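This report describes selected features of the model shown below.

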Amino acid sequence: MSARGDILDRIRSALGPDAAAPGIPRDYRAAGSGPAAGHADVVARFCERAAEYRATVRRVRPDELEAALADACREHDVHRLAAPPGTPSPPRGLELFVDDPPIPARDLDQLDGVLTGCALAIAETGTLVLDGGPESGRRALTLVPDFHVCMVYAAQIHASVPDAIAALAPAATEGRPITFVSGPSATSDIELERVEGVHGPRRLVILVIES
Amino acid sequence: MSGFPAAAKEALADTQLRRNLGKATTAIRVKRAGAVAELSDWEALREAGAAIKARAMATLPEQLERLEGRVTRAGGTVHWARDGAEANAIVGRIAQDHGAGQVIKVKSLATDEIGLNEALELRGIEAIETDLAELIIQLGDDQQSHILVPAIHRNRAEIAALFERTIAQGQRLGLEPRSIAEAARKHLREKFLSVPMAVSGANFGVAETGSIAVVESEGNGRMCTTLPKVLVTLMGIEKVLPEWRDLEVMLQLLPRSSTAERMNPYTSIWTGVRPGDGPQEFHLVLLDAGRTQVLADEVGRQALHCIRCSACLNVCPVYSRTGGHAYESVYPGPIGAILTPQLEGLDRAPTLPWASSLCGACYEVCPVKIDIPTVLVHLRGRVVREVKSRWSPERVAMDALSLVFRSRGRYERAQRMARAGNGPLARMPGPLSGWTTMRELPDIPPQTFRAWWAQRDATGAGAPGGIDPTDTTGRSHGAP
């Protein structure tokens, strides 16, 4: 018999004829039980929590975005940025490399950073979620460069993990790659202490755009 | 002495090891408690987590078939492996098909369990570990000692010295973890950009959507699941979750329980192949390797619910002193003490169910409420019944007790003998001395209840009705 058939048979015989499947008690704070996405408290909490993971967080009005972006790049000595096709034109002084056609990973490694949007964000955990769409870009784009600046609209910020998982269900069903990013790359492998900086971008700037 | 007791004795004598472990486990215990206290619905999440895993196990054939269908539809290939050798052969064949002389790896306990790296080496393929701790283990030719932080037994000075001898020759790294991490970044970057194939494990596989999730910190997981042309994921069959929605529970339970973070830095979730984004060939290997055998034990099967957070290790009074090596398994600590003997067979690890004081701390912190103490006691019973010879002290003692308890005459004679031996037997002889070197046997009272009752009759106090002193069945209503 095939390994597949064998394993399924072994499982069925291990479970016996009347394996009862328990229901799931979902008495935790479910999706929709907290404040709505973009609520002032939710946005404030996101900014606080993302900053606790040592991401740099700036809150800006739409008309301040360009200046804030230019500032952030200047502070980090970043001039050449990759970006997914859906990115608006950059401020003066920045050179944008649009990922169309796709930029090879080795070339990404030579750029200073990457500028993207995101699918949504989670306030409770200070998390950005990328979904491979036109704002988030391909996965390699936000991974290979050492500096990531991400634009988040206030309305994209959800209160809790269940809120985010519910909002991501269509993307998951569609088979899009989903990446949760909570702060810059880090490790806890040396004496179980979180320190920044191994393989992913070691500097993360989040620009929260107020509506 | 062999097995855990022997290995533990050796570990306990290593003072540097005990200092490193004590420091790390104490710090993480405090942080975990804080991360958990922040959520008002933690207990409800644990209840849901336990039920999700129990449901997944009870409907496992259906869930695996759904997962297989979804992954296949999304352009992936699903393989089934009855044991480690089959899984190793599948991965080795895929690497050879692509002419890969090297593969990069994301930390995966399942691949360690089946000895994938060694199996690949026999085929002339080098497996490169990319997780910082795994790299430390690989470079130091060391053994991992913790589920989450395999090099927890090494402090920063030891790690810096190791790197200066190997990947950062001629450099002075100092004691800043950041500069140690930087050395690993430089060393591995070229591998990420050039090696054509990666192997990962899976934290979760969602049957409803066909999504595989890998939870990590450093970004090496993202590198391995994004940059190579070919990705192979080895997943134990118990890692399946029925619904997408189940992730909303697990992604809260796991990071807070493992690294005491609200969220780990990176979680990658992918489904089959995404044209133009990431690996263009994806293989999912579903591994049994003893898991169905664990599933057959109604008490022990909850060990399969484990989400590998390692909270039970950090709180365990035994683990935090002996460290992981004493368990002689990929899975150390309390969860290892119930998982290893069941996966490998009770005869392979018969001492592990005793590697515990049954204090229950592991059960209290387990995010999916695995009742580890109950399973430990259950497995102790199974080891005595199924593995130990008829002449093991436990078997002999239990058989003797059973003989004594079966007859009133024998029982009363035994009580008299026990009183007589009270003095001389304060230290038990032979193999039983282990018990009495650390503890005193309780004093046996000068008079038994039965003797007192009989004496009470003789002095004419008169027993109230109900007990016939001539009853010889040994059944009585109040004694012994």
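B:Leu358 counts as partly exposed because it has 14 C-beta neighbours inside 10 Å; by the definition used, 20 or more other C-beta atoms within 10 Å make a residue buried, 12 or fewer make it exposed, and counts in between make it partly exposed, with C-beta atoms placed from the backbone. The model is predicted, so local features need pLDDT of at least 70 and side-chain atom pairs count only at pLDDT 80 or more, whereas totals for chains, interfaces and linings use all residues. Residues are numbered from 1 along each chain as its sequence is written, and chains are lettered from A and ligands numbered from 1 in the order in which they are written.

**Backbone geometry**

Most residues other than glycine have a negative phi, and most peptide bonds are trans. Helices (H or I, at least four residues) and strands (E, at least two) are DSSP runs, numbered from the N terminus.

A cis peptide bond, with omega about 5°, joins A:Asp100 and A:Pro101. A:Pro101 lies in the loop between β3 (95-98) and α4 (105-108) of chain A.

**The sheet of chain A**

In chain A, six strands form an open sheet with parallel pairing, in the order β1-β12-β7-β4-β2-β3; two strands pair if DSSP finds at least two bridges between them. Because β1 and β3 of chain A stand at the edges with a single partner strand each, one side of each is left without a neighbour in the sheet. From one strand to the next, the twist averages 25°. Axes are lines fitted to C-alpha atoms, for helices over the stretch in contact, and angles run from 0 to 180 degrees between N-to-C directions.

Within this sheet, β2 (residues 80-83) and β4 (residues 113-116) of chain A pair in the parallel sense over two bridges. A:Val114 in β4(A) is the bridge partner of A:Ala82. Helix α3 (residues 65-75) of chain A packs on the sheet and touches β1, β7 (147-153) and β12 of chain A, its direction making about 170° with that of β12(A).

**The contact between chains A and B**

How many residues does each chain bring to the contact? Chain A gives 64 residues and chain B gives 77, two residues being in contact if their C-beta atoms, placed from the backbone, lie within 7 Å. On the side of chain A that touches chain B, α1(A) gives the most, with 10 residues. That side has 31 nonpolar, 15 polar and 18 charged residues; Ala, Val, Leu, Ile, Met, Phe, Trp, Tyr, Cys and Pro count as nonpolar, Asp, Glu, Lys and Arg as charged, and the others, Gly among them, as polar.

β9(A) pairs with strand β9 (residues 266-271) of chain B in the antiparallel sense over four bridges. In this pairing, A:Thr179 stands opposite B:Ser268.

α5(A) packs against helix α12 (residues 247-258) of chain B at an angle of about 140°, and their axes are 9 Å apart. α5(A) is therefore oblique to α12(B); angles under 35 degrees count as roughly parallel, over 145 as roughly antiparallel, 65 to 115 as roughly perpendicular and the rest as oblique. On the α5(A) side, the contact is made by A:Val161, A:Pro162 and A:Ile165, and on the α12(B) side by B:Leu247, B:Glu248, B:Leu251 and B:Gln252. By class, this contact has five nonpolar, one polar and one charged residues.
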